[in-house]
Amino acid sequence: MKSPLPVRDGVNATRLRLPPEGPWDTALDYMLHRWGHIDPEGILARFDGGEIVAADGSPLRRDTPLAEHTFIWYYRTLPAEERLPVEITVLYRDEHVLVADKPHFLPTTPGGTYIQESALVRLRNTLGLPDLIPMHRLDRMTAGVLMFSVNPETRGLYQVLFEQRAVRKEYECVSALDPSGLAPGLSASGRGPDGGAHDARWAVKRFASPVVVRNRMVKSRDYLLASVVDGEPNAETRVGLEQVGGPDEAPRALFRLEPHTGKTHQLRVHMAGLGVGIMNDPFYPVLLDKAPDDYSRPLQLLARAIRFRDPVSRQDVEFRSELTLQEAPAAP
């Protein structure tokens, strides 16, 4: 359902569904019931200023009956936000799509305490593109290639690509290797999933050929973590070892990840399940206490590239991130 109100300050108007009946005579009564304890004067001022509208864009009055409209739209009051010390860059832009390099710590879309400080709102405001819409999402803690639709008229063509899994995605991650063979999440014997020591030699042996992880993942909206459960697989990732290196006392491994599905936290869960959890992950394999963001220790997960056949140009295209993972071992 298209909003009758334009994007303002990079943010869409909020849609509210009114109940068909209840102990409220007017739409104003209902809104005061919902939010009157927060800002009753502000709600009254919005009605008087014509800032709360119906589906056709017509403003509601204080006496507009509750049953007169099913949906109404209004602009939220945006809280003051401190700018995150990270920057987003544009890798590519034409009349149909925009591809950005999203930094760690910046969410893809507005939500919770991050409204203006989201990739979508930042780009809408700085580039003057109110119709910009993300074609997929990256976790706030994940950096890398993020694609947006610029043109509403061709948006559906690109949405179909993602819906049909016709977009190939490539990620990179860095995992710490314990030279002693003992690592968090493993047994006290310090042995890896195949019985080998969890060190550089174990990693080279374990991932001499790419490993495919397939399982069933579920995640409740009420709980932070995703879980692996019994049942038909709905998550699949191909994991390949790219490089092992670093100092002898703290070896690290760089992995290439190719997800064939897009479950929440899929890559983080699959790597933790293999015994090589992603560095600086506060969720897996162990949930850490909530702490302020440490910008010096970003999650070592990067959306390196996306590839697809462009539905407009009919050409095969690839977009690659120009970011790097700070803990990645150097090539020999």
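R314 counts as exposed, at 58% relative accessibility, and has a positive phi of about 65° although it is not a glycine. This residue belongs to a predicted model, in which R314 is found in the loop between β12 and β13 (316-320).

**Backbone features in loops**
- R314 counts as exposed because its relative accessibility of 58% is over 50%.
- The peptide bond from Y284 to P285 is cis, with omega near 5°; P285 has its place in the loop between α6 and β12.

**Helix α6**
- Helix α6 spans residues 266-273 and is mostly covered, with seven of its eight residues buried.
- These buried residues are Q266, L267, R268, V269, H270, M271 and A272.
- The strands against which the buried residues of α6 pack are β7 (168-176), β8 (211-219), β9 (226-229), β10 (235-245), β11 (252-259) and β12 (301-309).
- After α6 comes G275, which has a positive phi near 85°.

**Nonpolar cores**
- In soluble globular proteins, nonpolar side chains tend to be buried together.
- The largest nonpolar core holds 37 residues, of which F148, F255, L257 and M271 touch the most other members.
- M271, which is also one of the buried residues of α6, touches C173, S175, V239, F255, L257, V276, G277 and I278, leaving aside residues up to four places away in sequence.
- A second, separate core has 16 residues, including L16, L18, L28 and Y30.

**Second largest pocket**
- The volume of the second largest pocket is about 440 Å³.
- Its lining consists of 16 residues, and the closest to the pocket centre are K2, S3, V7, N12 and D131.
- By class, nine of the lining residues are nonpolar, two are polar and five are charged.

**Chain as a whole**
- The chain has six helices and 13 strands, and 47% of its 332 residues count as buried.
- Along the principal axes, the C-alpha atoms fill a box of roughly 75 × 45 × 40 Å.
- Among contacts with a separation of 6 or more, 60% are between residues 24 or more positions apart.
- The accessible surface comes to about 17700 Å², with 49% belonging to carbon and sulfur atoms.

Terms used: Residues numbered from 1 in each chain as written. Predicted model: local features only at pLDDT ≥ 70, side-chain atom pairs only at ≥ 80, totals over all residues. Heavy atoms only, no water. Buried < 20%, exposed > 50% of the residue type's maximum accessible area, 1.4 Å probe, protein only. Helix = DSSP H or I, 4+ residues; strand = E, 2+ residues; numbered from the N terminus. Contact = heavy atoms within 4.5 Å. 1 Å grid on protein atoms, 1.4 Å probe; cavity = no way out; pocket = protein on both sides within 12 Å on 5 of 7 lines; lining within 4 Å. Points joined across faces, edges and corners; volume = space filled by probe spheres on them. Nonpolar A, V, L, I, M, F, W, Y, C, P; charged D, E, K, R; others polar. Core = buried A, V, L, I, M, F, W, Y, C linked by side-chain atoms within 4.5 Å. Areas by Shrake-Rupley, 256 points an atom, 1.4 Å probe, with all protein chains shown as cover.
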